[in-house]
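Here is a short report on one protein chain. Have the sequence and the 3D view at hand as you read.

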Amino acid sequence: MTTIFARTRHVYDSYGDFWRLVEAAEFPVRYVDEIDLTDAAATYIFTPMNGETMAMLPGWRARRAKIIWWNLERAEDGTLERSLTSVAGAVDAVWVSDRTYAARDR
């Protein structure tokens, strides 16, 4: 299995350190529009969720690759629930990095 990080083409300065860590760890990096949905041996981890990724979600429902959304942001009240509803069936898992945030919705 190959783990590949997928980033949006829109650059968010707040994600700069995260992407430098991914590259320092020598993970392969692709853009979200380069995800190979047919590769059952690939696991793609993408962040952030934005209009670019939202537009792709319907196409991700018919996939062989595994797709994980690593939600690095703390959502405002109600945002997490709406986000989880929007990705249902389009991703295999949602990761969060904050213990309290993770406990809100398993």
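## The sheet

F46 has W69 as its bridge partner in β4. This is a predicted model. Strand β4 covers residues 66-71 and runs parallel to β3, with 4 bridges joining the two.

Both strands belong to an open sheet of 5 strands. The order is β2-β1-β3-β4-β5, and the pairing is parallel. The edges are held by β2 (29-31) and β5 (93-96). Each has a single partner strand, so one side of each is left without a neighbour in the sheet. On average, neighbouring strands are turned by 30° against each other, direction ignored. Strands of a sheet pair through backbone hydrogen bonds, parallel or antiparallel.

## Confidence

The chain has an average pLDDT of 90, and 93% of the residues score at least 70. Among the elements, strand β3 (residues 42-46) has the highest mean pLDDT, 98. Helix α4 (residues 99-104) has the lowest, 73.

## The cavity

How many cavities of 30 Å³ or more does a search of the whole structure find? The search finds 1. The largest cavity has a volume of about 50 Å³.

Its lining consists of R7, T8, H10, V11, Y12, Y15, W19 and P48. By class, that lining has 5 nonpolar, 2 polar and 1 charged residues.

## Residue G16

G16 sits in helix α1, which covers residues 16-24. Is G16 buried or exposed? Its relative accessibility is 16%, so G16 counts as buried; the cut-off is under 20%.

G16 and L80 lie 64 residues apart in sequence. In space, their C-alpha atoms are 23 Å apart.

Conventions: Residues are numbered from 1 along each chain as its sequence is written. This is a predicted model: local features need pLDDT of at least 70, side-chain atom pairs count only at pLDDT 80 or more; totals for chains, interfaces and linings use all residues. Side-chain values use heavy atoms; hydrogens and water are left out. On a 1 Å grid over the protein atoms alone, a cavity is a set of points where a 1.4 Å probe fits but cannot get out, and a pocket is an open set with protein on both sides within 12 Å along at least five of seven lines; lining residues have an atom within 4 Å of a point. Grid points are joined across faces, edges and corners, and a volume is the space filled by probe spheres set on the points. Ala, Val, Leu, Ile, Met, Phe, Trp, Tyr, Cys and Pro count as nonpolar, Asp, Glu, Lys and Arg as charged, and the others, Gly among them, as polar. Buried means under 20% relative accessible area, exposed over 50%, partly exposed in between (1.4 Å probe, protein chains only). pLDDT is the predictor's confidence in each residue, from 0 to 100. Two strands pair if DSSP finds at least two bridges between them. Axes are lines fitted to C-alpha atoms, for helices over the stretch in contact, and angles run from 0 to 180 degrees between N-to-C directions.
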